[in-house]
Amino acid sequence: MTKEPKFYHPLPEVIQNATVQEYDKTYQKSISNPEAFWGEQAGNLDWYKKWDQVFDGGDKPFFKWYTGAKTNIIHNAIDRHLKTANRNKLAFMWEGEPGDKRQFSYHDLDNEVSKFANVLKSMGVKQGEIVTIYMPQIPELVFAMLACAKIGAVHSVVYGGFSSEALAGRIQDANSRFLITADGGYRRGKKTDLKSISNAAMLESPSIEACVTVKRTGDDVHMQEGRDFWYHDLVCLPISRGQCETVEMDSEDTLFLLYTSGSTGKPKALVHTHGGYGVYVSTTLRMVFDIKPQDRFWCAADPGWITGHSYIVYGPLILGATVMLYEGAPNFPFPNRWWDMIERYKINILYTSPTAIRGLMRFGENWPKKHDLSSLRLLGSVGEPINPEAWKWYFEHIGQGRCPIMDTWWQTETGGFVITPLPITPLKPGSASKPFFGNEVGVVDEEGNDSKPNEEGSLVIKTPSPGMARTILGDPERYIQTYWKKYEKQGWYHVGDSARKDDDGYYWIIGRSDDVIKVSGYRLGTAEVESALVSHPSVSEAATIALPHEVKGNAIHAYVILRANEKPSEELEVHLKDHVGKVMGPIAKPETLTFVDGLPKTRSGKIMRRVLKARALGQDEGDLSTLED
């Protein structure tokens, strides 16, 4: 039996072509003088006015970057390319699930974004106000994001799989006057009726004044006079014509909000800025995925999540890359859809989630074998730790042993990669490797002492970086409490993930240490799922936990206490699962639901989910001294 290698070493040609040739020295320099490092990286971008100061750490933890600088992310993502040969280069290649195709050069992209921006301005969208976007994976989603940024408005993209209640909650929190949506989209051969969901959300959201709808499926939808407008009608009007000037913004002005689930309460709207975020996502993408001018880069995420914001839209466009965007499921109509597209579009870099890899792995290696995947030179993984078995399948059958896997760990809060290999890094299947430049990280105990090698502890980030979210919209105190309070004395950012560091200094992410469940790489708060269950008239109380799932990584398991006079039944179980799907969206539906008479709680009334998890997995329940009963 062949012994498993300790490291998978990249091929000499991969190392030779890599943007970064030396990790250790560069990393030490970036940590000993982060301002010099981030100042140098910012020099790769164009600015209307350079910064007075790279980093302002005066108001901890509300750090500022590139203070005094004037910019707009669109200035770097579109405008500067129009003055070079890039203007005629492909910016986006898009394929819809039914097979329709569209392509846009940087010049075309500028035209589309200008038209949309002119429309938004003429409708009264003001600089600094928040526009909510709820769309499928179509080019107009990208145009909408970029158009908002161009005129200095703030976009808040809500994932197109969320329910009307989830959408309404986010609209209300952002106090949006404008919603951009579509009649629907395609997923696994079915149409999703996004306009009906949007209509229901708008009924609950009195702040909404206007809704722009893109026609995608062509189905009949309800359009309310005076409120609803078709995108195709608006972009034909004289108001849309002519070049729209990009608004000069302060480096620290808000670019977008993105909601992420927390362990308690409603989802948090994290605030990201034009300057620091633009520098961070372009630097990480350039160095980790080694983007070359001729590359075709496919990040197979949804633009509605941070991965899509950073590595479909902003990062690649700043670098002048050619980006693939696909609307549908990876296995529709057959399990070779992705492999066929890689062959047809000659994709060089594929960046996807362990869930997608495990899902495609189930169909075996004969499907990828039917296709020429020789154009691929790098692979990537994101969203959750990748199990070694899936890593090896991806490496051997998709990368054909040639393509290193950039297994990236990061969060919505960090804006971009924090722990990641580079193309030159010797790899260990399942490890995110080492910190990216400018990021000092650690694995520590509750008091902040370093954990021993291979011992589990809390992951912390010890240094701020330009890509970090600046605050939580309207709730700076929650930002402090959630991320900075636990290690306040040391001034560290508390990640909320447990991890270990091995003898070689490689980091292994174990999973969430708070009450957040990651399903298929998407973060869902236990509080949200439990609230959805308790909103049903039959339910008195609920608790949810994550248990391992061979495809999704984790699946939601729910424990439910019924109200008096309600009786458990299979029919009620199905009904409650569907109810969660209706309230939160299909992604949040529990895999299993168990009716119970009581839940393990502390004397202060907090549900001990770790006890439920240990019982479900047949593990030691640990210290039960704080248990009420």
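Which residue in strand 8 is the bridge partner of Ile-133? The setting here is a predicted model, with local features needing pLDDT of at least 70, side-chain atom pairs counting only at pLDDT 80 or more, and totals for chains, interfaces and linings using all residues. Residues are numbered from 1 along each chain as its sequence is written, and side-chain values use heavy atoms, with hydrogens and water left out.

The partner turns out to be Ile-180. Strand 8 (residues 178–182) runs parallel to strand 6, and four bridges join the two; strands count as paired if DSSP finds at least two bridges between them. Strands are DSSP runs (E, at least two residues) and helices likewise (H or I, at least four), numbered from the N terminus. Strand 6 (residues 130–134) has five of its five residues buried, so it is largely enclosed by the rest of the structure; buried means under 20% relative accessible area (1.4 Å probe, protein chains only). Ile-130, Thr-132 and Tyr-134 point one way, while Val-131 and Ile-133 point the other.

Strand 6 also runs parallel to strand 7 (residues 154–157), again with four bridges, and Ile-130 sits opposite Val-154 there. To get from strand 6 to strand 7, the chain passes through helix 6 (residues 139–150) in a right-handed β-α-β crossover, right-handed meaning that, with the strands pointing away from the viewer, the path from the first strand over the helix to the second runs clockwise.

Elsewhere, an open antiparallel sheet has four strands in the order 21-22-23-24. Strand 21 (441–444) and strand 24 (507–512) are at the edges with a single partner strand each, so one side of each lacks a neighbour in the sheet. Within this sheet, Val-460 faces His-494 of strand 23.

Key
Buried means under 20% relative accessible area, exposed over 50%, partly exposed in between (1.4 Å probe, protein chains only).
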